[in-house]
Amino acid sequence: MPGESDAARRLRAAVIGSPIAHSKSPKLHAAAYRVLGIDCAYAAVDVDESRLAAFVAGVRSEAGWRGVSVTMPLKTGVARLVHEVTEPAGVLGVVNTVVVTGSDLDRVLIGHNTDVAGVLYALRAAGVRHAERAVVLGGGATAAAAIAALAQLGAPTCSVIVRRPAAVSEEVRRLGGKLGIDTVVVPWTEAKRIVPTADVVISTLPPRGADELAGELAAEPGVATTGTLLDVAYDPWPSGLASVWQQRGGTIVPGLDMLIQQAAEQVRLFFPEVHQDREQVLDAMYDAVDAIRH
């Protein structure tokens with residue numbers, strides 16, 4: 001618009017959550033934009049649940065926004081604030097990506113879930129093509145995305161292991177029914193017995209969240225792991241569970257792989273008009289965080 005400053009016209013995006021200072025998303029997106037020749041500012045903004053509605057209203061009213069990456073604890077709340085929700089975000093009720101479309105006079109916010117693609121691509125990069133005996137540790141928003149990814153891998157069943165089964169059983173069963181995967185909620189006390197027999201395990205627990213299980217497995221010298229473990233926690237890495245899993249013969253996939261894969265999906269959604277070589281984008285992102293590409 002005439003008289004509008006360059007700063008006001010510049011494209012922008014952000015990652016929101018609370019706390020957010022630790023986020024690697026600014027480095028990942030900046031690296032992708034650089035290699036793709038996109039002039040877009042990307043920032044980390046601390047937004048808690050009480051300020052989410054006001055932040056989304058600002059995105060809707062202010063010029064230049066292309067998209068927002070959403071972290072905890074905002075992934076379910078933001079799903080109620082966008083205009084449209086794509087699948088599988090609609091089934092999950094969880095949005096981690098908001099894409100801004102339309103004109104300055106009629107902006108539309110579309111909610112996506114790229115965590116599902118992040119899990120799927122990370123597992124496929126590790127050689128997983130099918131999941132027969134799947135396990136998810138944890139019952140939150142990321143666990144929902146993990147179940148959806150396992151459904152896409154053709155898993156007939158998924159054991160969801162949580163500390164408070166009564167709190168999530170109904171929701172997990174409903175989700176499984178919509179995704180076409182038989183989900184069974186299992187108490188944490190059964191983890192030591194079930195986890196080693198799985199061919200794919202996805203831990204959605206916070207850092208050190210599965211240390212107790214790692215200790216129990218380490219104390220059983222005869223236990224072998226032959227499947228693949230994706231631990232979404234990536235700092236510290238390897239996690240206690242990942243270390244034991246690898247020592248017992250299993251394949252481990254760091255959560256950083258999932259984070260980078262889903263970030264590449266976000267870039268694709270934010271800038272659909274830009275030709276994007278995914279391999280080039282992934283290489284740039286891994287270089288940005290000094291990580292080894294698996």
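Student: Okay, so a nonpolar core is a set of buried Ala, Val, Leu, Ile, Met, Phe, Trp, Tyr and Cys residues joined through side-chain atoms within 4.5 Å. Which residues touch the most other members in the largest one here?

Tutor: They are Leu-92, Leu-123, Ile-147, Leu-150, Cys-158, Leu-179 and Ile-202, out of 38 residues in that core. Buried means under 20% relative accessible area, exposed means over 50%, and partly exposed is in between, with a 1.4 Å probe and protein chains only. Keep in mind that this is a predicted model, where local features need pLDDT of at least 70 and side-chain atom pairs count only at pLDDT 80 or more, while totals for chains, interfaces and linings use all residues. Residues are numbered from 1 along each chain as its sequence is written, and side-chain values use heavy atoms, with hydrogens and water left out.

Student: Which helices and strands supply at least two residues of that core?

Tutor: The helices are H4 (89-92), H5 (115-125), H6 (141-152) and H7 (165-179), and the strands are E7 (133-137), E8 (157-162) and E10 (200-203). H6 gives the most, with nine residues. These labels come from DSSP runs numbered from the N terminus: helices are H or I with at least four residues, strands are E with at least two.

Student: What does Leu-150 touch, apart from its neighbours in sequence?

Tutor: Beyond four places in sequence, Leu-150 is in contact (heavy atoms within 4.5 Å) with Ala-131, Ala-134, Val-136, Ala-155, Cys-158, Ile-181, Val-200 and Ile-202.

Student: What's in the second core?

Tutor: That one is separate and has 25 residues, including Tyr-33, Leu-36, Ile-260 and Phe-271. In soluble globular proteins, nonpolar side chains tend to be buried together.

Student: Back to H5. Why is it called largely enclosed?

Tutor: Because eight of the eleven residues of H5 are buried. Among them are Val-116, Val-119, Leu-120 and Leu-123. Their cover includes H4, H6, E10, strand E11 (228-231), strand E12 (251-254) and helix H11 (255-270). After H5 comes Gly-127, which has a positive phi near 100 degrees.

Student: Which residues other than glycine have a positive phi?

Tutor: Arg-208 has one near 65 degrees, and Asp-290 has one of about 50 degrees. Arg-208 is in the loop between E10 and helix H9 (211-218), and Asp-290 is in the segment after helix H12 (278-288).

Student: Are those two buried or exposed?

Tutor: Arg-208 is exposed at 59% relative accessible area, and Asp-290 counts as exposed too, at 73%.

Student: New topic: where are the cis peptide bonds?

Tutor: One runs from Met-72 to Pro-73, with omega near 10 degrees. Another joins Glu-87 to Pro-88, again with omega near 10 degrees. Pro-73 sits in the loop between strand E3 (65-70) and strand E4 (84-85), while Pro-88 lies in the loop between E4 and H4.

Student: Zooming out, how many helices and strands are there?

Tutor: Twelve helices and twelve strands. The radius of gyration is 20 Å, close to the 19 Å that the globule rule gives for 294 residues, so the protein is as compact as a globular protein of that length. That radius is taken over C-alpha atoms, and the rule is 2.2 Å times the number of residues to the power 0.38.

Student: And how much of the protein is buried?

Tutor: Of its 294 residues, 52% count as buried. The C-alpha trace spans about 75 × 40 × 30 Å along the principal axes.
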